[in-house]
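Trainee: I am new to this structure. Please take me through its nonpolar core and the aromatic rings, one step at a time.

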Amino acid sequence: MKFFLRISILLCLFSFSATTIAQNLNDELPLNKDFKVGTLSNGITYFIKNNKKPENRVELRLVVNAGSILEENDQKGLAHFVEHMCFNGTKNFPGNSVVDFLESIGMEFGPDINAYTSFDETVYMLQLPADSLEILKKGFLILSDWAHNVTFDPAEIDKERGVVIEEWRLGRGAEARINDKQIPVIFHKSRYAERLPIGTKESLETFKHERLTDFYKTWYRPELMAVVVVGDIPANQAQALIEEYFGVIQSSVAATYPERKFYNIPGHKDTLISIEKDKELTGTSIQILTKLSANRFNTVEDYRKRILNEFYTSMLNQRLYELSQLPEPPFKYAASGYYNYTKDLDFFGAGLSAEDNKAMTGLQTLLEEFERVKKFGFTEAEFDRALRQNIANMQNYYSEKEKLESSYWVNGPTGYFLKGDKFLDPDTEYGVFNQILPMITLDDINKLSARYFIDSNMVVLVSYPDKAGISDITPQMVRDVFRKSGKAEIAEYTEENNDKPLVPGNPAGKGIKSDESIAGTELKKLTLNNGAAVYYRKTDFKNDEVVFYAFSKGGLSLADSSVYKSAQVASSVINRSGLGDFTEIQLTKKLAGSIVSVSPWINSYYEGFYGSSSVNDLGKLFQLIHLYFTSPRNDKDAFSSFMTKLKSNLENRGVDPGQIFSDTITVVMSGYSPYSYPLTVKDIPAIKADECYSFFRERFSDVSDFNFLLVGSFSEDSLKLFADKYLGSLASTNTKENFRNLGIRSPEGEIKKTVVKGLEEQASLSIFIPGTFKYSVDEEYYLNALGQALDIHFRELIREGEGGAYSPSVSVSTQKYPDTRFYFNISFGTDPDKIEYYVNLIKAELNKLKDSGIDSVLAAKVKEINLKSRETALKDNGQLTRIYLGYLMDDESLSNINKFNEVINSATETKLSDVMRKYINTDNFIVFELLPEKK
């Protein structure tokens, strides 16, 4: 009785302005009232919503209700290939001019211009600036061209074969080989087992051009397409543009085209078991999938079922997490989830990763926990925590209803068009949530076990490394564990109740020394009397979000060589050890119903924190920071659990070609510095719990050495109160530490390192050009802008021009401390037979660009991309915090932040060409190649 009274009180506190929209569970959920929904005369459906976040941006989607499931036997992979061809020539945008135009207006290929193909749908995505009607019209024209005017130039098709084959090649490896064998088991006797969207290499190499265009003509039909427009655009203007650019598409004649069929995945009485091993697999895993009839989302009862599923999986996952944290954990990680797959099928899934030779132990523990829930159910305390967390999450969502990004809102119409699932406006969802939450009972949740864990329609997938010392697993062993777990003596779940306050006592701050505004910025700075510096900016970008970072100089560079290995993992160990009087598990439970997180970190030259909170939980964020300084735990059980998992992860590190390649690059590029070698199994004995704890305490012992940074919608008075109370009360010596230069230097000259590892016919290339420069914010930007220009150039040359790679990329990393350096990196995967060709091509092309310079078109693209990116970054709490953080860590004047657009505009083709000639030195040309083993 007291428990349900507590729920009622919580709901009363929570339910201000709740809108009651339904009287019973069978009532239909109304479609989001903020969307304008309609259908053109040709059958195209449209969804429109005016949304102000981010400002001056519009999200466009073309949703096609057709994917790889509709391919004929000689069309495998062609649904996805059609997607590629949309970017390779349309009636109004020949060749690669779609991407060329979009980049010229500041949109990036990938983040702002993209698409995906799945079994049942293909979705095209654009983000456009909304400050020009001409640009908007061109954006709608692009989307319209994709819907009915793709040209399929034969030369472009054959060139794109190479790109898609390289995409296929990039996805190969141990996991792909396992999937090849297990996907047919998951999709038992269904068309899905034979229609992976990427297709087959044979099909991609040999398909006839007309079969590609056949797929497009057959399935890109008006009645199978929807247009979604969400963003900073009036709804009537968006509708007019849809009618102008999509109304011209001819209606299809039903008798001419095949019906759009939907394929099911047949049930099966027996549990299907697939067990596979692979020489390059780095870990052991088990997945259990139960196939269920899909729970569509159209009524209040459907919403209730969705919440029941969320409660069930969150409570089960908490139990599985607790088991994974035992001193001798039965598995490294385990989790469950409920998700929709097709219009007719849902999956309830649970999976685990285990140490070598402990797969059956992990499975036994997992199944026994399922049995415990089936037999005894969850407890009221677990239900109470889940209830509070759901309420907190909904409150946070509802608080942000006017500040949700347009990219969030486009997903609802997509799901509704494809599967018929309703999408709700925030007021309606808030009202329905409040209406049904009192109807959610612990008994309802506990009954779900009978639905999720059944003998039929279940698939068990096991995979493990194929190496000496690992015993084979058989289907009979799996069946024996299932049988044994069903008969095991299982005790009821119990937990210790820790009602202690999070922070004991009443910390008293020493007061605020100064509170000043930073000239030329909207940032302010508190200096506490114990020396701590707190930078803060109140924003209105979100209604209920605070983003937090902190840092201090020192890091691993100050660790004695005798404890260096322990120091490397110290922050990870402490982060898993709890705080104060609370173990990590107890702390998680203590914080139930809160939206707050704080995590410590230590890298080579700094240490600090990152985190976030809701406005109401700002005090808890400061309390957690306070505890990391005053009361980190030296928890031997947590350490034992961490080390067990670390050892298991390291044991198979050397069989993964990609990991070996990455480790080789790290070691060579550090000049073989002993501080840059990755941890190995041999390092395990050198890692000690007491050393981890002591090093952490050392690095977080003096708050006066830290800079704290908070950006968000907090009350400034509350922030000052909490800062003084929980930071101002911390110990300080007013000693400013600095890092020690570890002497990590990249090599110089022409160097080539080849790693021969891997069973697949795939290769990776990574080329570095390192150097030094005289640091300034301007010069750092010019280096990065040059990297962006080269990224576009080499994408156009290698991907679009030669079809030689799926995702060639050029990146630049720079550092001011401990000494100023830059690193250009050009990397991609390709055909092993072409890798030497591309090494020579890249070197020659770089030298050619040094002579010819960066052209004005490329420089203009980079400028527009960065201006547009900066525009949105300055109005996003997370991105803005990272901008401030960069200036603070580099000891640069914060007042220059608002002048940065001047730097962007100054990066002309002349400037970038000068930077190219100054810093791109192909005499320092370090080549790393990953080649497959000879068969």
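Mentor: We start with the core and then turn to the rings. Keep in mind that this is a predicted model.

The largest nonpolar core has 131 residues. Those with the most contacts inside it are Phe609, Phe708, Leu710, Leu790, Ile842 and Leu846. Helix H26, residues 777-801, gives this core its largest share, eleven residues. There is also a second, separate core of 75 residues. Leu62, Leu102, Phe215 and Leu224 are included in that one.

Now look at Phe609. Leaving out residues up to four places away in sequence, Phe609 touches several aromatic residues, among them Phe548, Tyr549, Trp601, Tyr628 and Phe629. Its contacts also include Ala550, Val598, Ser599, Pro600 and Ile625. Phe609 belongs to a cluster linked by ring pairs. Take Tyr837 and Tyr838. Their ring centres lie 5.0 Å apart and their planes meet at 70 degrees, so this pair is edge-to-face. Tyr838 is buried, at 1% relative accessibility. Tyr837 is partly exposed, at 41%.

Rings also meet charges here. The charged end of Arg306 sits over the ring of Phe297, 3.6 Å from its centre. Lys553 lies over the face of Tyr817, 4.9 Å from the ring centre.

Last, the cysteines. Cys86 is buried, with a relative accessible area of 0%. Cys692 is buried too, also at 0%. The structure holds zero disulfides.

How values were computed
Residues numbered from 1 in each chain as written. Predicted model: local features only at pLDDT ≥ 70, side-chain atom pairs only at ≥ 80, totals over all residues. Heavy atoms only, no water. Disulfide = S-S within 2.5 Å. Buried < 20%, exposed > 50% of the residue type's maximum accessible area, 1.4 Å probe, protein only. Core = buried A, V, L, I, M, F, W, Y, C linked by side-chain atoms within 4.5 Å. Helix = DSSP H or I, 4+ residues; strand = E, 2+ residues; numbered from the N terminus. Contact = heavy atoms within 4.5 Å. Phe/Tyr/Trp six-rings, centres within 6.5 Å; stacked < 30°, edge-to-face > 60°. Lys NZ or Arg CZ within 6 Å of the ring centre and 35° of its normal.
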